[in-house]
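Please look through the sequence and the model shown here before reading on. The report is written for someone new to this structure.

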Amino acid sequence: MKWAKSFSFAVVYRFKLKVLLWLGLVALVFVPEKTLGQNFLISGTISDMVTGKPLPGVLVTSKDVRCFSNERGRYILLVGYGDHRINMLSSGFKDFSINLKIYNDENLDISLFRIPDMALLRKTTQVLQNDSIGASTGTYMINNKKLNNIPVLFGEPDLLKNLQFAPGVNKNRSGIVYASLRGCNTNQTNYFVDGVPVYNIQHASGYLSVFNESDFTRTELVKSGMGANVGGRAGGAILLTPNEGDTKKLSGGYQLSLAAFSINFNGPIGKRLTYSISYRRSYVDWLVKIDNSDSIKNAYNFRDINVRLKYILNKKDNLYFQLLKNEDVLSFFRKKTDASGNGKTAELKRDESLKYGGYTSWLKWEKVMKRGYSAVALAVNNIYFKNAINEEKNIIAGSFITNITKTTRDNLRGLNCYGLMYDEYKAKSDGNLLYGGNFWIENYETGSQKLLQTSDTIKLYDTTYRSEPMIKQLTSSLYFSLHKEVNKGHKSFTIGARLSMAYSNGKLYIVPEPRIAYYQLLQNNWHMKMAYDRTGQMKNYFQTLYSGLMLSDHWFPLTTALGPQVNDQLSLQMVKTLNRKWSFEGNAYYIYMERVSVANPGAKPKNSADFDWQRLLIDGKGKSYGTEIIFHKNAGLSKGWISWCQTWSYRKIAGYNNGEYYRYSLDRKSDITLCMTHQWRRKVVLGTTVVLSGGFPISVPIAKLFLPQGQQSYPNWQGQQVLLYGGKNNSAFGVFKRIDFSMNLIGKHPDGRRQQSFTITLYNALASFNPELLSYNYDKLTNRYTLVAARSFPLIPSIGYQYRF
Amino acid sequence: MKPRFIKLLLYNVLIIGIIPSCERPANLNSKFEEHKQVVNCLFANGDNFYVYTSLTGTPIDSNLFGTDSNSVVILYENAVFKEIIPYVKFYSVYKSSTIAKAGANYKLEVRNPRFADNRYQVDAVATIPDSISILNAYFKDSAKQDALGNWLGKIHFEIADIAGMLNPEMFIEYYDAQRAQYSPILSFIPDNNWKKYASTGVTSATYTISNSDWKGAAVAFDLYVTSIDYNVNGLTQFRLNLSNLSSDWRTYQTSLSAYIKAGGTDQLQIYSNIIGQGYGIFAGKYVSRVVVK
């Protein structure tokens, strides 16, 4: 049975399906309560002793039971009656153990002691970064502080660019932050901060992300085996955990790189409120003036601000507020004067600005309950692209200025979303239950133009063009996920489902998304995991590069022609802890993509009355499969991973490649990546990343011809030149190879809080020529064209400085 | 750090980094195709066959083989030899003396004697689709005024059994007395989408279309034209061309339009129905013409 058929089946019988899912959800919420038995609950929060900030990813164990603390540092452990030794282990912190006699539920809040000297880390227990006990197959957790020391472009640490080195992330063009997970489209990747989706992720045409490294503590990359709570896009997810404010005293820091400077302050206000505020801005426009004269001025900058507040209402209730705001501004100014010779001068002034950015903000109320916690959040999301042009034509005669015309033109495209979200987590005697839902009102500005033209005081035009009125789309999803552990955790499975719905253009779209995962501990410490995920996406996406400089993302609602994108993924993972330092991970997966959308051939978005945004995209099918083999080094002075990924990714779109499957542009075969840091001296950490992969697929014409021209010819021919391709992406550039090096000089104050670091980076240290673009150059001497490849970045040396207190 | 130092550093990065980011001849694993025969011929009932032949070149060639005058172009009608089409130098095209008939099957064979290799022998087959007709066509002068008070003329026509037509296309021209020839006004596909398109009242400087409506099996269209366009030298004459395209023609037209729209940069394939080692199109259409005054 094709899943496409099941979709139409679901639409027809959606009511019955909804009733069944709701009944299942209700049964799962109430029935398992009876099976709690004689187990007791140990729960609490784990935090940093120095800063008071919660610690995520801490391994908590007792006999055969164990769990990890979540992004709030919260953990819940269910144990039997009797004596227990509770152990808490986290990299960079001193191991903690306590003996408890359990005869009732216990609350245990613990602060771990940070080890100030990096050299001592060798003597502590290291925690495997990738979750080896859950049933999730493709989760990859990254401690952001560890990635601080790997080489970075322009000396600016970037969370999303660091992810490009993770196995299963198809390498994008050099330095671009968009992540294609396992060959899915980049727009299919979810970006969540504290569980709230974020739309705008990039600055500087994609070379930097909006996520300032100092504002986030942990990045979780989920490629498969997703929990039912993760959804909204058809691909995997990148989950970011925001940095909580220091609960003890004022702390923060600043950072300077070639790209930008940033500053952060966080701390407590009274006993109940903590805050974290940071600001980042590029400063190249202050230092380097390009063509900066009276007649020509160009400027570019980006900035972002992040505010996070936490208010403790009581022991069980916390309020969180977050604002993430970012913007890129590119401006041009031109002034041209033309003396006519009769004492008059014609003057033309044109001032143009491009603004691209957005904000995400939410208010979340989190409640800790006896056997779990719940969270309800109100969120608002915004992404916009604005292009404003002010043009003035004047005639100057002596001191008299006659205004010929004054034109103001504003183009706008964007998306506003307002959402309500609810999540609840319940610990069970043999697992846990997670359920919730969300509802979003989405307003799409698909493209409008306002034009005002005056001559002296006469109004010539005052028009607002809009291809269609603001389009409203309602989306909602309900989900549940039941996790059960069997045989003392040697086996576990997770069964969940998500029901995604959208009401758009008078039509209801429903995508049922089952999620199943199975885990088993095999002999010789091998872990085996399998998962099936179905993920739906209720919106479409188009990307433009305006004026060849500003990359912008545009979102569109579902239409009759472009329905929900749906991906089905089957994945298998084998994990083995080889010894105290090394672990092995092997993955295999197959993804089938239904209604995956790509840019319609020749689509050129413009903001005018005749613009039809629905023609921007065209959908088709896709498939992606491959294997990933990774060796992690989790302990010792050298840490990191080396991975080998053999992947294939294809698309099948009507109009392309004669309707046959072709290689997706981010398809990377045989990708070998090394990402390591090494504590060379007490104050010196070295970092390197090595990438060796198959080159970019590219379409190369194999022949050309001229269409006829003449009085009797077909009107569309006009004698024009036609390039003939053997197929889309019929060729590929050579092997992509890049080696980056970094040296981090770290100075720490004995108090363990103050720290400064100076980083020297060599990006593409061997200056490898990695072509990314293909063009033709005409050679007059030979009277022939030459195919020419161009690259974006050769060797880029950079420095960065960071101070923390 | 002082701003001057940072500025110096940035300039150094620009020099070291961006300037060497030059281009190199591409090292690709694809090969160019050898020359192939190109044949293009689109014909309609009542017209001669105009056949254009040429050869493909490699993408790096600046000069291509233009129209080839040495080819042997053979036309068959209903599987019977009809003629070897002669080359007409004045038009740079092979022009047949045979007039295309509705309902007949045609086959075209093209051989290039410059190459002994039979790779340069291609053929193609085509048929003119079913006949169609325009009903109740008329022109009415000064039919209504636009918002600015200008008088508009109305062209009215109806199309019978539009639902039964595979690939209808309407092409409207006006007679330009100064140039003594018909010039185009509008081309469109008269189907359901047209109805939606027309109902939005699309207006331009030259024409306004509105009030199209279904009438049983027929569709009625009203096309409003400004006086500037139709009242040239006091002569008012319009030619309505309703075509029924063959499937090959429509597929070719769609792919060619997409290619032109994409600027040749999106690796789109232009449809070809040439059999053998070649490219091009050989397709027919049925045209019904009505002149209204």
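The sections below describe aromatic pairs, charges over rings and salt bridges.

## Basis of the report

This is a predicted model, in which local features need pLDDT of at least 70 and side-chain atom pairs count only at pLDDT 80 or more, while totals for chains, interfaces and linings use all residues. Residues are numbered from 1 along each chain as its sequence is written, chains are lettered from A and ligands numbered from 1 in the order in which they are written, and side-chain values use heavy atoms, with hydrogens and water left out.

## Aromatic pairs

Over all chains, the whole structure holds 26 aromatic pairs, where rings of Phe, Tyr and Trp (its six-membered ring) pair if their centres lie within 6.5 Å, and planes under 30 degrees apart count as stacked, over 60 as edge-to-face and the rest as tilted. Phe211(A) and Phe216(A) form an edge-to-face pair, because their planes stand at 85 degrees, with the ring centres 5.6 Å apart. Phe211(A) is buried at 1% relative accessibility, and Phe216(A) is buried too, at 4% (buried means under 20% relative accessible area, exposed over 50%, partly exposed in between, with a 1.4 Å probe and protein chains only).

Phe584(A) and Phe631(A) make a tilted pair, 5.2 Å centre to centre with 55 degrees between the planes. This pair links distant parts of the chain, 47 residues apart, with Phe584(A) in strand S35 and Phe631(A) in strand S36 of chain A; strands (E, at least two residues) are DSSP runs, as are helices (H or I, at least four), numbered from the N terminus. Phe584(A) is buried, with a relative accessible area of 17%, whereas Phe631(A) is partly exposed at 33%.

## Charges over rings

The charged end of Lys386(A) sits over the ring of Tyr384(A), 4.9 Å from its centre, and Arg681(A) lies over the face of Trp680(A), 4.3 Å from the ring centre. A charge sits over a ring if NZ of Lys or CZ of Arg is within 6 Å of the ring centre and within 35 degrees of the ring normal.

## Salt bridges

The search finds 27 salt bridges over all chains, each being a side-chain nitrogen of Lys or Arg within 4 Å of a carboxyl oxygen of Asp or Glu. One of them joins Arg308(A) and Asp194(A) at 3.4 Å, N to O. Arg308(A) lies in strand S21 and Asp194(A) in the loop between strand S12 and strand S13 of chain A, so the pair ties together parts that are 114 residues apart in sequence.
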